[in-house]
Amino acid sequence: MVDIPVKVKLPFLWGRAVFNKNRWSRINLVVGPNGSGKTLLVDAIAKQFSEHGYSIKFLRADRGNDEQSIAILQENEAIRQKVQTVLSSMFGKTIIFKKQDDGRFIPVVENRAWNVEYNLQEVECHGLREIITLLVTLYANTGNTCLVFDEPELHLHPQFQQFFAEELRRVSSRHPRRVFFIITHSPFFIDLRFPEELMGVIVCHTNREPTHIESIGKKDEELFRRFLPRFNTYHKQFFFSDNQIFVEGYTDQQMFSSLLPYIHTERGVAGTGIIDVGGKDELGVFCKVCALLGTDSRIITDLDSLFGGKLRDVFCSDERAALWLDKQSDKQMPFYRSIFTPKELTHKITLEKLIYRLERYLSVTGRELCALHEKIPLPHEIAILSEKLFALDQKHAQAENIDTFKTVVLQGVIAEGALQIQMENTLSPETAESLPLMRNLFSLILAGAAAASVYILPRGCIEHYYTQSEVRYMPVTAKDRLFHAERENLLTADEESVREDYRELIEILESACTR
């Protein structure tokens, strides 16, 4: 890390806000949407690096034909030989630079087997010119240099982008006095291998100052160390837009992506993407990374996220949820008095505290529903619910502590129609009286989580919103088969049917898209 205090003001982009950063990685990645001021920011940073003794080389996006690079190739045989070797390896052909009658050096392909050679610039033009310019700039600028590459991905195949990112890392490790800035829209340049490298990411935003991670605590460092190996190119989309929405799995991703055209927001859905991260705990890690980077992440998750995992820890500790609850305090105090003791009310009401209280209610209700299993006859809907809970109870020791058990009980508590009536008539009077309290508590928790940009599917998981199959409780089996039938319906149904059949999902998605 390099310690250079930098302060940047760009009032026409960020108003009165100021960008401050003191510690710099050897490779710094500047990312964000178009028009967020990435190049202007790095221009200002480079000037302040210059004041600290760094020579600046800024390879801009509008570079065109770089005559300076050609001149270096002509004058410096060592660099010319190195670029020849790299190009031959990249293109799988023997490539050399040959001097022309006018004194220029041009790349030529030699095919000795067929005694053929041709000018590579004329046949394979744009990408080759780009990679030559990048390599010459990388190899030629030595010493105490600050090198800026603006959109190095231009005209480059993804494999060549990955190659240059790797070459950049290799050169950086050999020359620790150099500092690199990469302004990019390409996920292939987000090459993060160690937690501390996240401190080299600067995220630019629309209408607010850039954000970054100044330091990483030991707990987060361990979390990121396990996370980064699973952090693939697809996931890295969130670095380039504040409009990304994270979901647990590919079925959620496909369903919500198909529903994006049906939402109505002031800004529409331009730039919005749905990214599946591969599990509930992964959602928690992405949420944590976004919080540290200052990126406005939105998450849509299953109901069982309330009852454990990293995501619950993250949104319960989010200051936005805390502020929302503070604003609700006076309004909700009569309700709080009905579920908390006077002693408990002497302490601050938090989202975590509300969830704990809900879990206590669910434990009592779940035990009673399990005990109903042997009672004959039972109302039909109660019998199905009791049977499900009994099966979970037989499978798990202390089932009431299992996320799935709590989720199933809650699905029964918030149910409407026949089950709601049967619950009120079948459960003990005390438990039946607590049902409205649990529903109110659940609504409050959902709203608190939404304040932290976490949107919980109230019915359970995506399968509970399917129209082509009936899914009652969690866990859900044969998900893949159910999904393909539902996807086929969603893609072939007319617009009016989609809006009606998936109204609840569209409303949740609209909430996540609206900032």
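How many salt bridges does the count come to? I took a salt bridge as a side-chain nitrogen of Lys or Arg within 4 Å of a carboxyl oxygen of Asp or Glu, and the count comes to 25.

A note on the source: this is a predicted model, where local features need pLDDT of at least 70 and side-chain atom pairs count only at pLDDT 80 or more, while totals for chains, interfaces and linings use all residues. Residues are numbered from 1 along each chain as its sequence is written, and side-chain values use heavy atoms, with hydrogens and water left out.

Entry one, Asp 191. I found Asp 191 bridged to Arg 169, with the closest N and O atoms 3.0 Å apart. For exposure I used relative accessible area: buried is under 20%, exposed over 50%, partly exposed in between (1.4 Å probe, protein chains only). Asp 191 is partly exposed at 23%, whereas Arg 169 is buried at 17%. Both belong to a salt-bridge network that also links Glu 166, Arg 193 and Glu 197.

Entry two, Arg 367. Its side chain meets that of Glu 400 in a salt bridge, 2.7 Å from N to O. Arg 367 is partly exposed, at 32%.

I searched the whole structure for disulfides (cysteine sulfur pairs within 2.5 Å) and got zero. The sulfur of Cys 287 has its closest cysteine sulfur in Cys 290, 7.0 Å away, which is too far for a bond. Cys 287 is buried at 5%, and Cys 290 is buried at 0%.
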